[in-house]
Amino acid sequence: MFEVLQNDTLAPNVHRLVIRAPRIAKARKSGQFVIIHPEKGGERIPLTIADADPQAGTITLFVQAVGPSTLKIVGTPVGDSLQDIAGPLGKETEIERWGKVACVGGGVGTAVLYPLAKALADAGNEVTTIIGGRAKPFIILADALAEFSREVLITTEDGSLGKQGFVTNALQELIDDPELCPQAIFAVGPVPMMRAVCELTRPYGIKTIVSLNPIMIDGTGMCGGCRVKIDNETKFACVDGPEFDGHQVDFALLMDRLTMYREQEAKLVGELPPELQKKIIKVKK
Amino acid sequence: MKKNLSHKEIMAIKRVKMPEQDAQDRSRNFKEVNLGLNKEQAIREAQRCLQCKSQPCVDGCPVRVRIPEFIEAVAEGDLPEAARILLADNTLPAVCGRVCPQEDQCEVLCVRGAKSGPVAIGYLERFVADWAMEHPEELTGGKPPQPSGKSVAVVGSGPAGLTMAGELAGMGHSVTIFEALHDTGGVLRYGIPEFRLPKRIVDLEVTRLQNLGVSIECNVIVGKTVTLEELSEEFDAVFIGNGAGLPVMLDLDGENLKGVYSANEYLTRVNLMGAWRNDVPTPIIHGRQVAVIGGGNTAMDAVRTARRLGAERAIILYRRSEAEMPARIEEIKHAKEEGIEFILLAAPLEILGDEQGWVTGLRCQKMELGEPDASGRRRPVPIPGTTFELEVDVVVNAIGTRANPLLTATAPNLKLSPKGNIETDNTGATNLPGVFAGGDIVRGGATVILAMGDGKNAAAAIDAYLKKND
Ligand SMILES: Cc1cc2nc3c(=O)[nH]c(=O)nc-3n(C[C@H](O)[C@H](O)[C@H](O)COP(=O)(O)OP(=O)(O)OC[C@H]3O[C@@H](n4cnc5c(N)ncnc54)[C@H](O)[C@@H]3O)c2cc1C
Ligand SMILES: Cc1cc2nc3c(=O)[nH]c(=O)nc-3n(C[C@H](O)[C@H](O)[C@H](O)COP(=O)(O)OP(=O)(O)OC[C@H]3O[C@@H](n4cnc5c(N)ncnc54)[C@H](O)[C@@H]3O)c2cc1C
Ligand code: SF4
Ligand code: FES
């Protein structure tokens with residue numbers, strides 16, 4: 001059993017959980033994830049390991065409640081345990097010394113970006129971080145990211161924090177500045193955002209790495225449910241990824257496959273008690 | 001009892017029929033299809049056994065169950081004795097009694113086969129195993145083994161790993177099983193459906209092992225959570241029984257459409273994650289018209305599952321003829337009774353979809369049988385100009401699995417075959433000292449009993465290895 005040691009709310013329905021998982025903490029590398037099976041008979045939910053403390057035997061996760069299973073995870077009080085956590089899964093991030101790097105995060109993707117940005121900075125890269133969200137309350141981890149970023153640029157759709165607009169606007173300005181133009185870009189967030197970033201950087205030929213979030217089941221390459229198309233080849237994101245060269249990703253296919261269970265999920269959400277329904281944030285499609 | 005019967009009387013007894021749920025009803029529920037023999041039926045069937053001196057049936061059994069001996073005990077109505085004999089040779093008899101392809105193993109060699117049908121060894125095995133599960137109090141006895149002070153790690157809790165663990169625990173070694181998924185049993189849990197192998201049976205078998213002192217840790221992925229090297233340092237020996245869980249893709253256009261599943265995903269959602277139940281949140285697409293590609297046990301399980309999830313039309317699409325199908329004969333028969341449609345000598349060419357990315361159909365090619373190929377079976381050859389389309393909304397690919405490289409990729413010194421399976425000698429030893437392997441990871445997709453045979457075989461080799469290194 002995996003005890004929850006800390007559970008804080010960072011933004012509406014985004015929680016930081018610190019969980020006892022000594023084996024995973026010891027083995028984990030940047031870019032890897034775990035799969036949580038919150039209750040018997042339930043779904044298996046992939047979540048990036050944001051941080052790990054091998055000495056204390058703990059891992060840190062940032063979790064956004066978007067459906068019944070993630071709601072169950074963020075609803076686990078300190079002192080209670082989660083039934084099953086398996087990991088670390090996926091490949092480790094290939095960290096290079098690129099020089100100037102831009103890290104672009106959208107919504108809860110910012111949390112997935114955090115360990116990546118940190119590892120990039122530790123490897124001697126100059127990191128500029130761009131984070132975006134719908135409105136001020138959805139911007140998370142700005143201070144934590146500032147600790148190792150040259151600058152943290154914030155965009156919100158309603159202009160309630162930072163500049164009004166999308167992360168791509170801020171990224172375009174960065175690319176246009178010959179002094180600051182990055183050699184590599186890491187983008188994590190909703191699929192449409194990652195796609196927009198890749199479309200923006202493609203003409204410049206700037207290496208752009210994204211972290212994909214297909215539906216997963218086992219996370220070990222056994223089921224093929226997480227398949228994505230990279231450079232026209234079918235890959236299993238759980239073992240071959242989750243990070244890929246964004247310019248080779250078939251985003252239309254990924255987006256499409258993510259809608260596979262939309263109706264069934266909407267029905268499940270509809271069956272939740274009203275006070276819980278209100279807790280689920282609408283994921284933008 | 002038996003002693004009172006003349007040879008003529010014995011020969012006159014007809015082979016028992018397994019009582020089963022009505023086909024119409026069962027095609028819509030997940031309850032077990034076969035209902036099991038009652039005591040009278042079992043005794044009568046057991047009386048058919050001629051107690052051959054040469055015991056041909058035993059030769060067909062990979063774990064060498066003393067078949068005539070346990071059957072004789074049944075014939076005499078001595079069920080505790082029958083159970084003791086059976087359990088001494090077979091760690092998972094209630095599983096084998098349900099899923100073993102007896103027709104190709106013990107029963108095919110039974111001397112009564114030709115004239116009046118072989119003794120129903122599988123049904124009797126199931127009967128005795130189920131009786132033993134219900135009467136544990138009558139089976140006590142035998143004192144626990146002397147602890148050896150040696151520890152063994154087992155990777156995977158499928159039939160190979162479970163058998164291995166049971167055997168070694170019985171010899172007094174301390175055994176820990178590491179399982180990647182959140183529950184035990186391997187294919188027995190996530191692959192074979194409830195209507196063929198109730199999960200209650202797997203639970204009971206696993207509990208029996210735990211009572212023997214075997215400890216099981218789920219959610220540990222060897223190769224990721226811990227490496228083989230770490231296990232080798234921590235334990236005196238390691239057994240790898242991680243199965244062959246990597247789906248072979250069809251490599252067809254449309255394979256990534258919504259509604260296209262690998263059999264592993266489809267069956268895992270249903271069996272491991274309860275998608276067939278109403279009170280469980282796991283989603284699955286309930287197709288109205290489902291095509292399953294393949295002709296093995298996996299394909300039969302997937303297509304019958306689709307039927308039970310409500311499919312009006314559930315189709316098996318297989319590129320050879322029924323004679324070449326690798327599935328158990330009983331499963332093919334049951335599938336037909338449940339209204340499964342068989343489209344034989346046909347192969348898929350392309351999966352068709354709509355604008356929204358959902359499957360709408362399957363374009364297929366008619367085949368005929370040509371010369372035998374490497375497998376000895378006649379090779380399917382396309383008949384030119386004979387394509388046709390099927391209207392479907394779910395497609396399940398059940399064409400097979402390969403060795404999963406997750407563990408082996410992190411154990412670079414472990415010797416593999418060109419196909420990625422682990423190489424062993426005939427005792428199950430790999431090229432690494434103290435590391436043994438068995439089951440599907442060594443053989444490629446095989447059967448439960450062969451995996452168990454490997455487990456049993458390797459247990460003896462590990463015991464010898466541990467004693468040698470004392
Ligand atoms: C490798 C990997 C790492 C991930 N890391 C994190 C992480 O660190 N933190 C985190 O909060 N989430 C992360 N996710 C996403 C997370 O797994 C999903 O949000 C979760 O599975 C949804 O489960 P649910 O049952 O609560 O919601 P569901 O009931 O399954 O879904 C509710 C709604 O959300 C939509 N949805 C489902 N999955 C996703 C998704 N992956 N992205 C966007 N929308 C989705 C559905 O279409 C539906 O409309 C990661 C995913 C992957 C594959
Ligand atoms: C749907 C289906 C139906 C079948 N029907 C029949 C039948 O009727 N009769 C029959 O005889 N055979 C049948 N088979 C074949 C039979 O189930 C297999 O041959 C048998 O299960 C192999 O046993 P195993 O112990 O080698 O591996 P598995 O049963 O595959 O078990 C391997 C276990 O190891 C775990 N594992 C994998 N990798 C790791 C890792 N890195 N770390 C830790 N754990 C790991 C897996 O999660 C799994 O639990 C069927 C197979 C399928 C898929
Ligand atoms: S071959 Fe048939 S008849 Fe002979 S001992 Fe075995 S089960 Fe009995
Ligand atoms: S999640 Fe099953 S293969 Fe990736």
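A residue counts as near a molecule if one of its heavy atoms lies within 4 Å of it. With that in mind, some ground rules. This is a predicted model, where local features need pLDDT of at least 70, side-chain atom pairs count only at pLDDT 80 or more, and totals for chains, interfaces and linings use all residues; side-chain values use heavy atoms, without hydrogens and water. Residues are numbered from 1 along each chain as its sequence is written, while chains are lettered from A and ligands numbered from 1 in the order in which they are written.

**Stop one: ligand 1.** Select ligand 1 and the 25 residues that surround it; A:P46, A:F62, A:Q64, A:T70 and A:E265 are the closest. Now look for polar contacts (pairs of N or O atoms within 3.5 Å). A backbone N or O atom of A:Q64 sits 2.7 Å from a ligand 1 oxygen, and one of A:G67 is 3.1 Å from an oxygen of ligand 1. Colour β4 (45-48) of chain A next: as a strand (a DSSP E run of at least two residues), β4(A) gives the most to this shell, with 4 residues.

**Stop two: ligand 2.** Jump over to ligand 2, where 34 residues gather around and B:V99, B:E179, B:R196, B:V222 and B:D440 come nearest. Zoom in on B:D440: a polar backbone atom there is 2.8 Å from a ligand 2 oxygen. Then try B:V187, whose backbone N or O atom lies 3.0 Å from an oxygen of ligand 2. Taken alone, ligand 2 exposes 1,000 Å², and the protein buries 93% of that (Shrake-Rupley areas, 1.4 Å probe).

Conventions. A polar contact is a pair of N or O atoms within 3.5 Å; within protein, one must be able to donate a hydrogen and the other to accept it, and residues adjacent in sequence count only if both atoms are side-chain atoms.
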